[in-house]
Amino acid sequence: MAVAKKTTTKKASAAKTVKSAPKKAARDKVVLAYSGGLDTSVDIHWLQENYNVDVIAIAVNVGQPPSKDDIVARALRNGAIKADFIDVRKEFVEDYIWPALKANAMYQNVYPLSTAVARPLITKVLADVAKKEGAKYIAHGCTAKGNDQVRFDVGLISQNPDLKIIAPMREWVTTREEEIDYAKKNGIEIIVKKSSPYSRDENLWGNSCECGILEDPWEEPPAGAWAYTVDPAKAPAAPKYIEIGFEKGIPVCLDGVRMDGVKLIETLNELAGKYGVGRIDHVEDRLVGIKSRETYECPAAITLIAAHRGLEALTLPKDTIEFKRIIEQKFSQLIYDGLWYEGLRENLQAFID
């Protein structure tokens, strides 16, 4: 008789291993000094493409005129993960412009340092944002031939020596026309046209204009280069007198009407600009070792410095005035060279105060 063997079959129990998708490494962040102009608009895409970073675009309001559109919204549309427009006009006037005014600060006795005096505050804001956002990079749109690259680099490192600085326009040598073509190719929104060649920097203390025909010092600036001042030949024939009230070297009222610093400067810019006051056209010795033809419009600055010097002539002893003029030259040079946070500037300001 055949006996069947009983067999048992063991079921293999295998636990299912579910492999989770690898976590995407967080990208480093870069805080971009953003103006909404051509360079910094294309910089957003360029930084992502070349450094694989998330861009936080920060525009700092130091009194520049409103843009033709919402530059914060445009920065976001162009790829920034965050964007902001930070208003520091009051701080700009009280902590930067008024010390410069008390020093009668004029680089080469011509230029009231409108662009230069804004840079230390802008770098301070950028460094603060980088700390808050945990960003280890800061980027700016300065070129290799300008003073601002030094002002930004030195100002940022003075705030935080651990910050790493990226300057796309130093690495990517290009023309404005090529930048416009790059923007078009990559779908970047810009508001600059090839027919508008000028590069401007504007704030409460003045407006600078360069590029285009202005590169040739033999050529007189065309009418389109001036934005805030009337041609002196077309200014009102009858003079206008104004009374500026000062307290401890700081202007506080116009024609008896007391107003804050921002309003006072805005009012004087409009008023003096109507009379052609504040136009500057000169060949400037740049910090980087080249000469550059520069045009500026600084109606309020030129008016207030003239008034302040006149007030000093009435109130200061002769020796003090003569010595202060020496101090003023050094103070102006420090601002121009981007050394606002250098200890000597604070010492000189203490004397001036």
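## A quick tour of the fold

Start with the sheet: 5 strands make up an open sheet, lined up in the order β3-β2-β1-β4-β5, with parallel pairing. At its edges sit β3 (82-87) and β5, each of which pairs on one side only. Keep in mind that this is a predicted model. Across the protein there are 11 helices and 12 strands, and here's a look at a few of them.

**Overall shape**

- Taken along the principal axes, the box filled by the C-alpha atoms is roughly 135 × 45 × 40 Å.
- As for burial, 46% of the 353 residues count as buried.
- If you take contacts between residues at least 6 apart in sequence, 72% of them join residues at least 24 apart.

**Inside the sheet**

- On average, neighbouring strands of the β3-β2-β1-β4-β5 sheet are turned by 25 degrees against each other, direction ignored.
- Look at β1 and β2 (residues 54-61) for a parallel pair: 5 bridges join them.
- V30 stands opposite V55, which belongs to β2.

**Helix α5**

- α5 covers residues 148-159, so to speak a run of 12 residues, and spans 16 Å from first C-alpha to last, close to the 16 Å expected at 1.5 Å a residue.
- Its buried residues are D148, Q149, R151, F152, G155 and L156.
- These residues lie on the same side of α5, because they cover an arc of only 165 degrees around the axis.
- Residues three or four places apart on an α-helix point the same way, because there are 3.6 residues a turn.

**Helix α9**

- α9 runs through residues 299-315, which makes 17 residues, and its first and last C-alpha atoms are 25 Å apart, close to the 24 Å expected at 1.5 Å a residue.
- Buried here are P299, A300, A301, T303, L304, I305, H308 and E312.
- On the strand side, the buried residues of α9 pack against β8 (244-247), β9 (250-254) and β12 (291-297).
- Helices they pack against are α3 (89-102), α8 (261-273) and α10.

Conventions:
Residues numbered from 1 in each chain as written. Predicted model: local features only at pLDDT ≥ 70, side-chain atom pairs only at ≥ 80, totals over all residues. Heavy atoms only, no water. Helix = DSSP H or I, 4+ residues; strand = E, 2+ residues; numbered from the N terminus. Buried < 20%, exposed > 50% of the residue type's maximum accessible area, 1.4 Å probe, protein only. Arc of directions from axis to C-beta. Pairing = 2+ DSSP bridges. Axes fitted to C-alpha atoms, helices over the stretch in contact; angles between N-to-C directions. Contact = heavy atoms within 4.5 Å.
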